[in-house]
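Here are my notes on the model, as numbered points.

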Amino acid sequence: MSADTAGPETLGSLTDEPEHQDPNSQQAKEISGKSPLRIALGRLAKDKIAVVCALVVLFFIVCAVFAGPISHLFGVSLETPLASERVDGLNNNMPKPEMGPPFGPFTWDHPLGVAPQTGNDNLAYWLYGCRTSLLIATVATVVASVVGVVIGLLAGFLGGAVDKILSFFIDMFLTIPFLLAALTLAPILNERFNLYDSYQTIQKFSLVAVLALFGWMGTARLIRGEVLALREREFVQAARVMGMPTSRILFKELLPNLAAPIIISVSLMLPTFVALEAGLAYLGIGVTDGISWGQVILKAATPTYFREYPQFLWAPLLGIVALVLSLNLLGDAIRDALDPKTRR
């Protein structure tokens, strides 16, 4: 019911056509018969910035998913047989890497060089750090989005006391400083559940929990506002008259019409969580017992390393900047494609 009833208006907002456009015009012929999703994808395909950003994001996804095969392809790994084989330990200021510029010649055995003091391969740590960042950010985004969508649906549709209670919790969570809460909760969760599983796994789960716990409120507010407008529409009123259960109205009638705001919310939440994951690891409350871009930045940000061996810092830092910037620009392009009225 919702697709048939809401379809023409959604299509009209997406096409953004003049009110009295000639139905025989070329633009009308191109649009006719296309779903709103195909129209939005067509707009994205014509946006050069969106295409470039999508390719960059795809590159990082491939690096994260196939970190193992790519490392094997380059002949690098996370293991360091003997640090002295790769690092000059006789230097008084800093154990300088002997492989890779600026202290050694470029070699395909270690394309990004090796880490000072430990001799760890920078490319292997970059690839697996990318996997960690995207994995944690993606899982946290999915959890936060599901929680936000469900709470927004219930608050907007049921109204009354339910809306007041849920809105109170939304406002209460918004008033809590995220950094202070993360600094408090993450160590508690790590120690509380560090019983049988490995500490690395517990850290990842606790970080996902902290990010999702304080990341769902924006989605909930957005969905609540959309539902407040949709619940007075004819197809919702007709579903009520027909005696449909509330769960069916929420998830069969309203939810399909909320695809655009949900996609926009996810596309903007994901880069935020990528940056937060690296930032929390840098502060020592994220993934500290595993491989993470934030941990590499923490080690490389010391004055001696940054002054003598700057690429140790630039490799993960540029990776974070490129991924977050591409995700943000792609999210803006998706928002403009789904709602042409927001175009700049």
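1. Buried here means under 20% relative accessible area, and exposed means over 50%. This is a predicted model. By that cut-off, helix α11 (residues 234–241) has Phe235, Val236 and Ala239 buried. Viewed down the axis of α11, the buried residues fall within an arc of 100°, so they line one face of the helix.

2. What does the face of α11 turned away from the buried side carry? The exposed residues Glu234 and Val241 sit there. Gly243 follows α11, and its phi is positive, near 80°.

3. How many salt bridges does a search of the whole structure find? The count is 5. One of them pairs the side chains of Arg221 and Asp171, at 2.7 Å from N to O. This pair links distant parts of the chain, with Arg221 in helix α10 (residues 217–230) and Asp171 in helix α7 (residues 160–175), 50 residues apart. Arg221 is partly exposed at 48% relative accessible area. Asp171 is partly exposed too, at 34%.

4. Helix α16 (residues 311–338) holds both Arg335 and Asp332, 3 residues apart, about one turn of the helix. An α-helix has 3.6 residues a turn, so residues three or four places apart point the same way. Arg335 and Asp332 form a salt bridge, with the closest N and O atoms 3.8 Å apart.

5. Arg335 also meets Asp336 in a salt bridge, at 3.7 Å from N to O. Shared partners join Asp332, Arg335 and Asp336 into one network of salt bridges. Which member is buried? Asp336 is, at 10% relative accessibility. Arg335 is partly exposed at 26%, and Asp332 is partly exposed at 22%.

Technical notes: Residues numbered from 1 in each chain as written. Predicted model: local features only at pLDDT ≥ 70, side-chain atom pairs only at ≥ 80, totals over all residues. Heavy atoms only, no water. Buried < 20%, exposed > 50% of the residue type's maximum accessible area, 1.4 Å probe, protein only. Helix = DSSP H or I, 4+ residues; strand = E, 2+ residues; numbered from the N terminus. Arc of directions from axis to C-beta. Salt bridge = Lys/Arg side-chain N within 4 Å of Asp/Glu carboxyl O.
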